[in-house]
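Colleague: I am new to this one, and I would like to learn how to read it. Could you walk me through it?

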Amino acid sequence: MKKANPTANHTEQVDEFMDRLDHPFKGEVQMVREIIKNVNQDITEQIKWNAPSFSYAGEYLVTFNLPAKDRIHLVFHNPVISKVKNKLLEGDYDHRRMAYFSDENDIQAKKTTLEKVLKDLIKLQNK
């Protein structure tokens, strides 16, 4: 199996995946996807773990965890994510943090915070 190239942008592949997605939060997944993509024009997307995944400068930023059907679950899996201090991020793993959203209102309430997490993570990657 060919390993995904996190520097390549596969928006068409992700669009097709989203068209076929059967998930109770499909609309909300799309909302979060758009928020992530709009943070920085150099964020790329592809499918990883059978879900939309996002990268910047060849490093993975965040991937949806779609087996969860009761909420939206994001996995920030990046070598420097532990340096990002933000109330949105949960968990105390070495190179991973989680974020959760319960519905459209929760996404709107946390939008600015999610954008800040991504901007801080990108800034750390650029150092």
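**Reading the features**

Modeller: Gladly. The structure holds 1 aromatic pair. Please keep in mind that this is a predicted model.

Colleague: How is such a pair described, and which residues form the aromatic pair here?

Modeller: In general, two aromatic rings are described by how far apart their centres are and by the angle of their planes. Here the partners are F54 and F64, with 6.2 Å centre to centre and 65° between the planes. That makes the pair edge-to-face, because planes over 60 degrees apart count that way.

Colleague: Where in the chain do F54 and F64 lie?

Modeller: F54 is in strand β2 (residues 51-56) and F64 is in strand β3 (residues 59-64).

Colleague: Is F54 buried or exposed? And is F64 buried or exposed?

Modeller: F54 has a relative accessible area of 0%, so F54 is buried. F64 is buried as well, with a value of 1%.

Colleague: Which charged residues lie over the face of a ring?

Modeller: R96 lies over the face of Y93, at 4.4 Å from the ring centre. K110 is placed over the face of F101, where the distance to the ring centre is 5.5 Å.

Colleague: Now for side-chain contacts. What joins the side chains of Q46 and S55?

Modeller: A polar contact of 3.0 Å joins them. Q46 is found in strand β1 and counts as buried, at 1% relative accessibility.

Colleague: What does K37 contact, leaving aside its neighbours within four places in sequence?

Modeller: K37 is in contact with T11, E45 and F54. With E45, there is a polar contact between the two side chains, at 3.4 Å. K37 lies in helix α2 (residues 26-39) and is partly exposed, with a relative accessible area of 22%. Sequence distance and distance in space can also be set side by side: K37 and E115 are 78 residues apart in sequence and 9.8 Å apart in space, C-alpha to C-alpha.

Colleague: Let us step back to the whole chain. How many helices and strands does the chain have?

Modeller: There are 3 helices and 5 strands. From the N terminus on, the elements run α-α-β-β-β-β-β-α. The radius of gyration is 14 Å, close to the 14 Å that the globule rule gives for 127 residues, so the chain is as compact as a globular protein of that length. Its C-alpha atoms fill a box of roughly 40 × 35 × 25 Å along the principal axes.

Definitions and conventions. Residues are numbered from 1 along each chain as its sequence is written. This is a predicted model: local features need pLDDT of at least 70, side-chain atom pairs count only at pLDDT 80 or more; totals for chains, interfaces and linings use all residues. Side-chain values use heavy atoms; hydrogens and water are left out. Rings of Phe, Tyr and Trp (its six-membered ring) pair if their centres lie within 6.5 Å; planes under 30 degrees apart count as stacked, over 60 as edge-to-face and the rest as tilted. Helices (H or I, at least four residues) and strands (E, at least two) are DSSP runs, numbered from the N terminus. Buried means under 20% relative accessible area, exposed over 50%, partly exposed in between (1.4 Å probe, protein chains only). A charge sits over a ring if NZ of Lys or CZ of Arg is within 6 Å of the ring centre and within 35 degrees of the ring normal. A polar contact is a pair of N or O atoms within 3.5 Å; within protein, one must be able to donate a hydrogen and the other to accept it, and residues adjacent in sequence count only if both atoms are side-chain atoms. The radius of gyration is taken over C-alpha atoms; the globule rule is 2.2 Å times the number of residues to the power 0.38. Contact means heavy atoms within 4.5 Å.
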